[in-house]
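Morning, everyone. Please look at the structure on the screen while I talk. I will go through pockets, then rings.

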Amino acid sequence: MNAQRDPSRSALWQERLARRRQRALGTRTLTVEGRLRRVVGLTLEAEGCEAPLGARCMVTTADGSELDTEVVGFADERLLLMPVTEMHGVLPNARVRPCAHTGGLPVGLALLGRVVGADGVPLDGLGPLDVDEHALLKNEPINPMARKPIDTPLDTGVRAINSLLTVGRGQRLGLFAGSGVGKSTLLGMMTRYTDADVVVVGLIGERGREVKEFVEHTLGPEGRARAVIVAAPADAPPLKRLRGAQYATAIAEWFRDRGQRVLLLMDSITRYAQAQREIALAIGEPPATKGYPPSVFAMLPALVERAGNDAEGRGSITAFYTVLTEGDDYRHDPIADASRAILDGHIVLSRDLAEAGHYPAIDVEASISRVMPAVVQREHLRAAQRFRQVYSAYRQQRDLIAVGAYQKGSDPQVDHAIAMWPRLRDFLQQEVDAPTTLADAIGSLETLTAGGTP
């Protein structure tokens with residue numbers, strides 16, 4: 001009766017009731033905890049608790065702290081866990097507590113210019129991230145019928161790529177290279193000079209020393225201002241390296257969904273595959289091709305297909321994935337072979353060229369851009385074909401030419417290639433701090449090949 005006579009008091013009770021109802025709806029259900037029964041290598045087996053694949057579980061350690069783990073499999077009634085951080089202080093029968101979903105990792109404009117780990121924690125000492133949005137590590141790929149076709153060329157600032165291996169906006173390419181042939185330097189050039197709104201760099205499984213060098217020297221202040229760097233060094237647990245590649249892709253997707261032209265550089269997809277191999281073998285998955293379990297070859301296209309163009313009129317992700325070739329043999333390496341099949345082209349870096357001081361050490365004969373015919377003019381395509389013909393004619397006879405066994409006049413095409421070789425070699429070389437625009441590269445190529453071939 002009093003509440004009915006006093007409208008303000010009635011509104012107060014209604015507000016309190018609404019708050020309590022909301023609190024009741026948000027109350028967590030009881031969590032069934034378990035115990036740690038077995039540890040083998042990096043795999044922990046927990047009994048007595050239930051959690052889905054991909055869920056987080058906290059394991060109490062000897063000093064009272066908690067080890068963050070993720071559910072990667074199960075056997076009978078036991079959960080198979082993998083540590084996200086370094087594993088130490090774990091005791092038998094330790095308490096295992098499943099956690100609620102964290103809601104993803106931070107994304108937003110505040111990430112520009114920052115270096116973060118695979119867990120979204122800043123590594124650059126510039127304070128916490130001021131972001132309000134979070135994204136899941138794994139998103140559904142875009143409907144292939146809804147994707148915008150790749151029909152616009154992308155300026156990378158690298159003359160050899162712009163002219164002979166023209167990249168389309170939304171294309172996915174592989175950068176095949178062994179160790180020490182200049183792939184990090186080439187990635188730094190593309191980061192600084194590519195015509196993109198945002199650059200996302202994933203340094204996955206590389207040496208920790210290279211992270212700071214890439215950010216401060218290779219990338220520089222100008223490149224860093226529009227870049228986001230996700231670092232998961234080689235000493236990180238395999239699960240964190242796996243998350244690092246997925247987090248970098250999720251950040252690129254966030255910017256693409258807002259209409260941005262994104263350049264995604266992943267160094268390297270081989271380390272991503274090796275991290276999955278470590279996890280799969282640890283939980284008992286049988287090896288298949290050269291020690292790689294089948295799940296590795298299922299996860300590679302799942303990651304790569306998240307890049308590319310969005311629907312018409314929206315953003316794009318142009319992606320470069322570095323592929324480390326074992327023994328410089330990219331033809332028989334299983335990861336290199338699988339990457340070649342799912343990517344839209346590949347750029348091969350040659351150790352012979354690198355040792356000869358030829359930079360960038362791009363092997364033009366072994367490299368190809370599958371979308372180039374769709375994004376360039378016919379005159380440009382013909383000029384690139386003429387360049388390749390002359391270049392290949394010299395390379396096929398270079399051993400005979402080097403020892404003086406080739407007789408001038410034996411083949412007019414080879415004679416023309418010998419005369420053109422110094423200009424071809426100079427055209428393919430480029431200083432790190434001297435970018436070449438797409439228009440200038442095309443003009444230089446057409447001028448160089450204007451004489452045609454005999």
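The second largest pocket has a volume of about 530 Å³. This is a predicted model: local features need pLDDT of at least 70, side-chain atom pairs count only at pLDDT 80 or more, and totals for chains, interfaces and linings use all residues. Residues are numbered from 1 along each chain as its sequence is written, and side-chain values use heavy atoms, with hydrogens and water left out.

What is a pocket here? On a 1 Å grid over the protein atoms alone, it is an open set of points where a 1.4 Å probe fits, with protein on both sides within 12 Å along at least five of seven lines; lining residues have an atom within 4 Å of a point. The volume is the space filled by probe spheres set on the points, which are joined across faces, edges and corners.

Back to the second largest pocket. Its lining has 30 residues, and the closest to its centre are Ser179, Lys183, Glu206, Arg207 and Leu324. Which helix gives the largest share of this lining? H5 does, with six residues. The lining divides into seven nonpolar, 10 polar and 13 charged residues. Asp, Glu, Lys and Arg count as charged; Ala, Val, Leu, Ile, Met, Phe, Trp, Tyr, Cys and Pro as nonpolar; the others, Gly among them, as polar.

Next, the largest pocket. Its volume is about 860 Å³. It has 34 lining residues, with Gly54, Ala55, Glu70, Leu137 and Arg243 nearest its centre. H6 gives the most, five residues. By class, the lining has 18 nonpolar, eight polar and eight charged residues.

Now the rings. Rings of Phe, Tyr and Trp (its six-membered ring) pair if their centres lie within 6.5 Å; planes under 30 degrees apart are stacked, over 60 edge-to-face, the rest tilted. The count comes to six aromatic pairs. Take Phe387 and Phe427: the centres are 5.5 Å apart and the planes at 50°, so this pair is tilted. Phe387 lies in helix H12 and Phe427 in helix H14, so the pair ties together parts 40 residues apart in sequence. Helices (H or I) are DSSP runs of at least four residues, numbered from the N terminus.

Is Phe387 buried or exposed? Buried, at 0% relative accessibility. Buried means under 20% relative accessible area, with a 1.4 Å probe and protein chains only. Phe427 is buried too, at 7%.

Finally, ring pairs link Phe387, Tyr391, Tyr394, Trp421 and Phe427 into a cluster.

How values were computed: Helix = DSSP H or I, 4+ residues; strand = E, 2+ residues; numbered from the N terminus. Buried < 20%, exposed > 50% of the residue type's maximum accessible area, 1.4 Å probe, protein only.
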